[in-house]
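Trainee: I am new to this structure and would like to learn how to read its features one at a time. Could we look at it together before going into detail?

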Amino acid sequence: MSSTRIGLDISTSSVRAVQLSVKDNAYRLDRFGQMPLPLGAVQEGEVMDPQAVGTAIRHLWKQSKFRSKKVSIGIASQRVVVRLIEIPYVEPDERRKSLPLMVGDQIPMDLSETVLDFVPLEQGINAEGNATTKGLLVGAAEGVVMKSIEAAEAGGLTVTDVDLTPFALVRALVRADHLGMRQEAEAVVDIGAATTSMVIHVNGVPQFVRILMMGGQDVTERLITDLGVNLPTAESIKRETVLDGGDTMVATIDSPVMIISDVVQQLVDEIRGSLDYYLATGPIDHIDSIVLTGGGSLVPGLQERLEIATGLPVRRGTPLSALGPGDSGLTPDHLSFADPLASAAVGLAIWDDQ
Ligand SMILES: Nc1ncnc2c1ncn2[C@@H]1O[C@H](COP(=O)(O)OP(=O)(O)OP(=O)(O)O)[C@@H](O)[C@H]1O
Ligand SMILES: [Mg+2]
């Protein structure tokens, strides 16, 4: 039986893929590679130009020599809705069939153009004494899913699974960082170029998902507009400017420090707002820690700001380093460079039926 699987993350800045195999009940890293995408090929988490993405995928497969053309892909866009709902208990097969009827009015989308999924969390009994299942209802606009599949096929690949990117993040980071089962609630925050995926999990089981349309690109764009610099200059200013943890009194209003500080603070406030919303409305009344990934999270000072804003310990997710180099040929330096970028692809390559 083949025990190799490839996760393909079609992101705003790049296409990335991870090939994993299972040996002695542990995942091993076989390959990791990425290829940059032209600006605009993917916007707000949605594929706009499948042919351009397909071309990048073909280059990536040639460069990184993946062993198969079958991939799992992820979806994270504004046209994805995730809600905690309670439905009457039915067998999983029956549930799949009757889901549209059971949940039709609970999702603000046209069901004829929506792909539905349900992630069961717990069984219960309602006030009338009937068995129920509580879980996460996922609705994704069919167009978003189809465009991603079209891009993968344009790259010569076959898509075998489509998952929600935030669920993949949990698989990548929870397995990698704490193999023992823990009961704490942890928030996973992946800050990309244009999107920020947030998911709160307990024991690796997702409880809440939110996808924000914000990321590292917002910082770059503000630098371009406010300083009148070009894209490469804005990128290097962003990477090199050091924020000082809040004391920006000495900086002038239009200095890089102030601009970056302002956008970072907006991002951090949005993240904190989403956590507060969950705590106010969800079944859990506290979050213990945050794990942070994504290239956008590397903006200097962001991690510290997030710690201050939430009062929570924030650690960095290291999905590749935790796997070790395997046969990938990557050095420890490569691994730590790619670690913040690889969570989604790693999670898409992890499967439960190993
Ligand atoms: N060292 C760094 N310092 C600051 N920002 C960085 C650094 N490295 C990458 N970035 C920023 O990270 C962003 C890209 O992150 P990432 O690759 O995780 O996004 P993506 O997965 O392509 O996008 P998305 O998840 O939104 O679709 C860009 O905005 C880039 O400028
Ligand atoms: Mg991403």
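Trainee: At what angle do helix α1 and helix α3 pack, and how far apart are their axes?

Mentor: Keep in mind throughout that this is a predicted model. Helix α1, which covers residues 50–64, packs with helix α3, residues 142–154, at an angle of about 45°, and the axes of the two helices are 7 Å apart. Angles between 35 and 65 degrees are classed as oblique, and therefore α1 is oblique to α3.

Trainee: Which hand does the crossing of α1 and α3 have?

Mentor: The hand describes which way one helix is turned relative to the other when one looks through the pair, and for α1 and α3 the crossing is right-handed.

Trainee: What are the angle and the axis distance for helix α7 and helix α8?

Mentor: Helix α7 spans residues 256–281 and helix α8 spans residues 302–310, and they pack at about 45° with their axes 9 Å apart. This pair is therefore oblique as well, and α7 passes α8 in a right-handed crossing.

Trainee: Turning to the ligand, how many residues surround ligand 1, and which are the closest?

Mentor: A shell of this kind is read by asking which residues have a heavy atom within 4 Å. Here 20 residues surround ligand 1, with S11, T12, S13, R16 and K238 as the closest. By class, the shell divides into 5 nonpolar, 11 polar and 4 charged residues.

Trainee: Which distances separate oxygen atoms of ligand 1 from polar atoms of S11, S13 and Q217?

Mentor: For such pairs the cut-off is 3.5 Å between N or O atoms. An N or O atom in the side chain of S11 is 2.6 Å from an oxygen atom of ligand 1, while a polar side-chain atom of S13 lies 2.4 Å from a ligand oxygen. With Q217 a polar backbone atom takes part, at 3.4 Å from an oxygen atom of ligand 1. Of the 650 Å² of accessible area that ligand 1 has on its own, the protein covers 87%.

Trainee: Which elements give two or more residues to the shell around ligand 1?

Mentor: They are β2 (14–23), α5 (216–227) and α6 (231–240), and the largest share, 3 residues, comes from α6.

Technical notes
Residues are numbered from 1 along each chain as its sequence is written. Chains are lettered from A and ligands numbered from 1 in the order in which they are written. This is a predicted model: local features need pLDDT of at least 70, side-chain atom pairs count only at pLDDT 80 or more; totals for chains, interfaces and linings use all residues. Side-chain values use heavy atoms; hydrogens and water are left out. A polar contact is a pair of N or O atoms within 3.5 Å; within protein, one must be able to donate a hydrogen and the other to accept it, and residues adjacent in sequence count only if both atoms are side-chain atoms. Accessible areas come from the Shrake-Rupley method with a 1.4 Å probe; for residues, only the protein chains shown count as cover. Helices (H or I, at least four residues) and strands (E, at least two) are DSSP runs, numbered from the N terminus. Ala, Val, Leu, Ile, Met, Phe, Trp, Tyr, Cys and Pro count as nonpolar, Asp, Glu, Lys and Arg as charged, and the others, Gly among them, as polar. Axes are lines fitted to C-alpha atoms, for helices over the stretch in contact, and angles run from 0 to 180 degrees between N-to-C directions. Angles under 35 degrees count as roughly parallel, over 145 as roughly antiparallel, 65 to 115 as roughly perpendicular and the rest as oblique.
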